[in-house]
Amino acid sequence: MYAQVGENSNETTAHYEVGNDLKIYASLVRECPPLPSNLYVYCSGATFAEPPSSLSMVDDLILFHVYIGSPFRARSALPSYFFVYRADPKRPSLKLLPGPQGPVRKYHPLSIFPRGKDHYTIASLIPLQCEDNLFSLRLYDSETNTWSIKKLSIESPQNDFPIAIPAKFCPLFSHQTSTVLTHGKTIGWIDLWRGILFSDMLSEKHTLRGVPLPLPFWCIEGDFDLGSPRTHRGIAFTDGHLRLVEVVLKVDCSVPYVYDEEAERPCPRIENWTITTWTNKEMSNSYDDWHINCTLQASDIFLGDHSESELPATALQNLFVSDPIIGQNKNDSHVIYLTAREKLMRPKSWILAIDTKDRKVQSVAVRPGPLPREMRFIDTNYCTCSISN
């Protein structure tokens, strides 16, 4: 699901009056995959400093953030608002959250945990500086409309790394959450390079337990920078187990980077790319729980029945692909959705649905409109969910 500025009044539209002549409107437009659903947010009486950020979605509840004011002002000087939007067409609503105790920022990992039909908890897990394996758990309770803070330690840590980690990859030694997963009664804060910290949200005593993720051996052995994990990895809970996907680009090092006018920067030539998927049914603290399902090179993927007009002019294996997402439903958990561009940072993009069972392009769609510059490399303006059915 993408969040963007705009009006799109429909049966899901709800609004909240922030102040005199200042109203925030939210609407949801569902799309069929591979296109993402869209959250439209509009402000009457003022402008947004940047596009809204969709932070979490569970069932029909969406948590998003906006800055109101001039885009040329420092964000710390602008009003900052967190909203919970219920996109139920029968009872749409929009609620402004009260200011939390202590700093909670939009870049902090936040997740919604539904509690029954009407209430929910919003949780954020923030590492405590200078204190190893200690975290601050910030909780918002919709029933009491209050925030609370708890200090948590990892009572059941993940196993030690199976190999020696070079000093260059020291970020692997600490947990930096890149996405959040809600399943059953638990929330998992996920460092896509390192592992998951699970917590039982229905327990009176919140604790953390660690589940490791497969190490990025291609990065460590090739001495590449880690970079943003969401560019390369995605994770989901489907069919009763965890699934992880990783996409790795093979750059043609025999040719120099060439300046691209559309991308406004020098771009590498992509020689090929590979999709690897893993499954974990046990979810213990052991690396051995992860098993590879498939490894698929782009050059071995069939294009199927798609016409040339649907696909980029560049050959499939030469596309710059990123942001892999695993199908969220039982009937498409073997499908991987990728954002594809002809060159790194080009504004035009396609969404490819890759069927990893039949090794073919299942469907392809051009993303409507060019991507804003700040979203061209890794799109931080979306969250994964299962509403695009």
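1. The model is predicted: local features need pLDDT of at least 70, side-chain atom pairs count only at pLDDT 80 or more, and totals for chains, interfaces and linings use all residues. Residues are numbered from 1 along each chain as its sequence is written, and side-chain values use heavy atoms, with hydrogens and water left out.

2. The secondary structure comprises 2 helices and 26 strands. These elements are DSSP runs numbered from the N terminus (helices: H or I, at least four residues; strands: E, at least two). Along the principal axes, the C-alpha atoms fill a box of roughly 60 × 45 × 40 Å.

3. Of the 389 residues, 52% count as buried (buried is under 20% relative accessible area, exposed over 50%, partly exposed in between; 1.4 Å probe, protein chains only). Among contacts with a separation of 6 or more, 52% are accounted for by residues 24 or more positions apart; a contact means heavy atoms within 4.5 Å.

4. The count of salt bridges comes to 16, each being a side-chain nitrogen of Lys or Arg within 4 Å of a carboxyl oxygen of Asp or Glu. In one of them, arginine 75 pairs with glutamate 50, with the closest N and O atoms 2.9 Å apart. Arginine 75 lies in the loop between strand 6 (61–67) and strand 7 (80–86), and glutamate 50 in the loop between strand 4 (38–44) and strand 5 (53–58), so the pair ties together parts 25 residues apart in sequence. Arginine 75 is partly exposed at 27% relative accessible area, whereas glutamate 50 is buried at 18%.

5. Glutamate 143 and arginine 115 form a salt bridge at 3.3 Å, N to O. Because glutamate 143 lies in the loop between strand 11 (134–141) and strand 12 (146–156) and arginine 115 in strand 9 (residues 110–115), the pair ties together parts 28 residues apart in sequence. Glutamate 143 is exposed at 54% relative accessibility, while arginine 115 is partly exposed at 24%.

6. Arginine 233 and glutamate 246 also form a salt bridge, their closest N and O atoms being 2.8 Å apart. Both arginine 233 and glutamate 246 are buried.
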